[in-house]
Amino acid sequence: MTERARTIVLSCFFLSGAAGLVYEVVWSRMLSLVFGVASFAVATVLGAFMGGLALGSFLFGRKIARHRTPLLVYGFIEGLVALYALSVPAIFGTLQSLFLFLHHILGLGDRVVLTGMIRFVLAAATLLPPTCLMGGTLPVVIRWWNRPDEGCRGGDGVALLYSINTAGAVAGTLLAGFLLLPVLGVHGTIVSTAAVNLAVAAILIVLGAAEAKRREKRPVPAPAGEETDGTASGGRTAGAQEGRAVIAWAFACSGAVSLACEVVWTRVLVLIVGPSVYAFSLMLTAFLAGLAGGSALAGRFLRHEGDRVLLFGTLQLGIALASIGAMFLFSRFPWWFIRLHSLIGNTAPGEFFAAVPLILSTMLLPALAMGGTFPVAADLFRRRGEPLSKSVGTIYAFNTVGAIAGSFLGGFLLIPFAGIRMALLLLAGTNALLGIVFLLRAKRSNSRRAVALTATAVIVVLAGAKMISGAPLWDENTMTIGPFQRGMLNAAAGKKRLEPFVKGTDLLFYAEGLSSTITVRRRGNTLTLQTNGKTDASSGGDQRTQVLLGQLPMLLHPDPRDALVIGLASGISAGNVLSQGARSVTVAELEEKMIEASKFFRRWNENLLENRAVSVRITDARNYLLSTERRFDVIVSEPSNPWISGVNNLFTYEAFTLLRDRLRKDGILAQWFHCYGMATADLLALLNTYRSVFEHVEVFETQPGDLVLLGSRSPIRFDFDTIEARMDRPGNRAKMKALSLPGLYDLLALYLFPIEEEALPDTIRLAKLNTDDNMLLEFSAPKHLHSSEGEANRKLLFRLRQRQKIYRGIPHEHLRLAEGAVRAWDLDGARAELALEEEGADADSTGVGNVRARILLLRAAREGNSNLAALALGRLEEVLERDPTSATAHFLKGSALLQAGSPEEAETSFREARRLGEEPGVVNTYLGVTAEQLGRKRDALDYYTRALGADPANPVARAGMARLGAVAGETPDAGERR
């Protein structure tokens, strides 16, 4: 065969590797929608996929050995894979129906083991045909390559082919993660990849047919080592004297360690660079690139004489040394990532580029050594007279079976029971032990080098023992600080160091679960809960959203009895569902360690885990919804942000449809979403997707940037008497008051607008839908994680609100509503201004004047603009001329004077406001601040004490008491944003 034809075949093998990886990514995603994204479900799919590869390698390695036209076989393999891929949507659709049928007919319920077995059988039956074919490509191509008339033979040929195929997998990873899936979606990716397979099949069949004709005309002598008793490359007799069983099982063990290491490294890097789909793609790319490069480098060594046993042992030691060396860098990764990110730029490409050096420094060196082990093991395993394709197929099958075991070992045993650091040490120790065994088996002529390398192995083990004894190479607080979060990136980079943020927090809880690392930390008086370093709940800044997610659907549903909450986290949302009288509350939570973490939030979550009405299911939410026949009055969906890989599955059209179908007739779905760190197009896509499923949608903004969408098939009625009665439940009024929501109109101030079909604006109607196929948010959201579009998104929502005249039909007093908006929104009076404008409020009225003055004062405080404070003071003077009895006007005047630096005059105004009936807790707080500024400590303490008597949670009064030395403590921190 000509050099050109040989290049074409190798190019086809490259494309075959790329297509195989694309299929693995796509099929795993599709199966996750059937079986769920829980760790056991994902591992089941991975095990079935790799099991097929192992079986295919083993079977084809034996059958192809004496086949005289391997290119024809290879071509038909590619064609069959393409045809199967094109039929996948129909096959997987049937699979889901079959799984649900078996789940119901067998009554699986919570029987995890039996459910897992059924998953594996179904996944294996579905994936076995194509993966078996894929696994057969390597021995088939080796059979073609290892012939006298076609080029290189033996281990170096295996190295070359394996590296080319793996390099194709690298390309497939990048294409799938960064181009095909984001642009074409799932089905488009399948069709385009199948087209590549068909093109490869056509090329190979043509070449194979030409080769067959050429063979008929000119018979080719049997290749050495295939049909005859040749020797392995390097002129040595391979395999037998080293003990093939030892080599096979050692290579299986090496495969197990390699996959386990990848699992553990991924868990480490996710803490630093974040859990987006792009981060996972970069990690897999780095790992595969190391395997490809290592195989290519090993091929160079295999062209020469040398002790393969020594080389295999050396590579194992290299893996151990590189793995332990990476551990010495981990504690520095958070700061390095922040600095790199700040240098490159606060953009999505900046984050990706900042992640690359950290990923490479962790994975590349050990992966290079891992990649080199395959061709070396293949060369060792081959024995005289055995076809190379057969021996490679067998040894590859051993390695793949080991890899299956390693993926389970890393995710289900080592991390949960030993922890990340210990897992890495044990894996490195296993590599070192393998290295020692093979070094001791090396030839006598290399004994000196063997002794030296054995000593190195001992040093590795001793270094590991030292680390186990407590060397500070893994600081849990630092590693889980979440450097990829926007606030941390900006704040730490600005201060040019990370230590203040680490030392300022107390790590209360740290647990490495099956799928995530969960932490609870305290900063000041605020608790925050993180998943893989990402803040998902807090007792500070997020508390209002968590409370209202549970409260709003329960307040508006006519008779809420049974509820489902997706995502436990702090338990605050589920606790508020429970506190509003739910008869039963089911919580679907993916990570079991979250249960223990939520106990730190007992004070805020109604101690819900001790309530018999609450049941927690450790399961994937979509899988639970598919497998249950229960119907609920209220469903609260509070997953993490959709930029996190896999979370988008709960924000798609199909997910919302599934949620809708699990609601009773008047049922309400409360869906959390956000508009910060989000492209406007993505926000509109989410709104359009949601309204496409639900006939009636009401939108609330619980705090700047946080949205709650209420969806139902029936009209959602605002029964104000019922709402007020439910808000007045024992203990609830004080809770809502602490969140600046003391009454009905304060709650209504958070209402944005309904999404009504007859009045739907084109900005929403024409937006894309987020579906399981296009995965729009999963691929778009990470690119805008650090964008500044949040304010633009909120302005758009306000314009939609104003346009739709959203308060039509809702009896309210616009001034109370607008003022409630100001109180509820701290430094944001934009909505209050809009409320006044859309109602055409009388500019000369006392209420309007007070609201506008309050807005000016809040803007003055936010912007540090004394002119705005002076303008507010002028307006208040006009109000008091018209109505000198307005307690609110006197209070606001005192605030303006305090900002203007006139505490004596401010005190007079505050006292007059108190006399006229202004809320005592608030006015006493400001009297305390005024007295403190005037140096009257005793009076200030007295005012603060009175303020706390009215509101024990008053943060300003508590802080004042702490400053004056009366109470130990500090102002509660706002907490991090999810």
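Residues are numbered from 1 along each chain as its sequence is written, and side-chain values use heavy atoms, with hydrogens and water left out. Because the model is predicted, local features need pLDDT of at least 70 and side-chain atom pairs count only at pLDDT 80 or more, while totals for chains, interfaces and linings use all residues.

**Aromatic pairs**

A search of the whole structure finds 31 aromatic pairs, where rings of Phe, Tyr and Trp (its six-membered ring) pair if their centres lie within 6.5 Å, and planes under 30 degrees apart count as stacked, over 60 as edge-to-face and the rest as tilted. Select phenylalanine 484 and tryptophan 643 to begin: their ring centres are 6.0 Å apart and their planes stand at 70°, so this pair is edge-to-face. Phenylalanine 484 lies in the loop between α15 (476-479) and α16 (486-495), and tryptophan 643 in the loop between β8 (632-637) and α22 (653-661), so the pair ties together parts that are 159 residues apart in sequence; helices (H or I, at least four residues) and strands (E, at least two) are DSSP runs, numbered from the N terminus. Phenylalanine 484 has 1% relative accessibility and counts as buried, and tryptophan 643, at 4%, counts as buried too (buried means under 20% relative accessible area, exposed over 50%, partly exposed in between, with a 1.4 Å probe and protein chains only).

Tyrosine 690 is buried at 0%, and phenylalanine 694 is buried at 2%. Then select Tyr23, Trp27, Phe49 and Tyr84, which ring pairs link into a cluster.

**A leucine in α1**

Move to leucine 15, which is found in helix α1 (residues 3-35) and is partly exposed at 35% relative accessibility. Leaving aside residues up to four places away in sequence, leucine 15 touches Val196 and Val200, contact meaning heavy atoms within 4.5 Å. Leucine 15 and valine 200 are 185 residues apart in sequence, yet 7.7 Å apart in space, C-alpha to C-alpha.

**Two helices**

Finally, display helix α5 (residues 137-145) with helix α12 (residues 388-418), whose axes come within 8 Å and cross at roughly 155° (axes are lines fitted to C-alpha atoms, for helices over the stretch in contact, and angles run from 0 to 180 degrees between N-to-C directions). That makes α5 roughly antiparallel to α12, since angles over 145 degrees count as roughly antiparallel, under 35 as roughly parallel, 65 to 115 as roughly perpendicular and the rest as oblique. Leu138, Pro139, Ile142 and Arg143 in α5 meet Leu388, Ser389, Val392, Gly393 and Tyr396 in α12.
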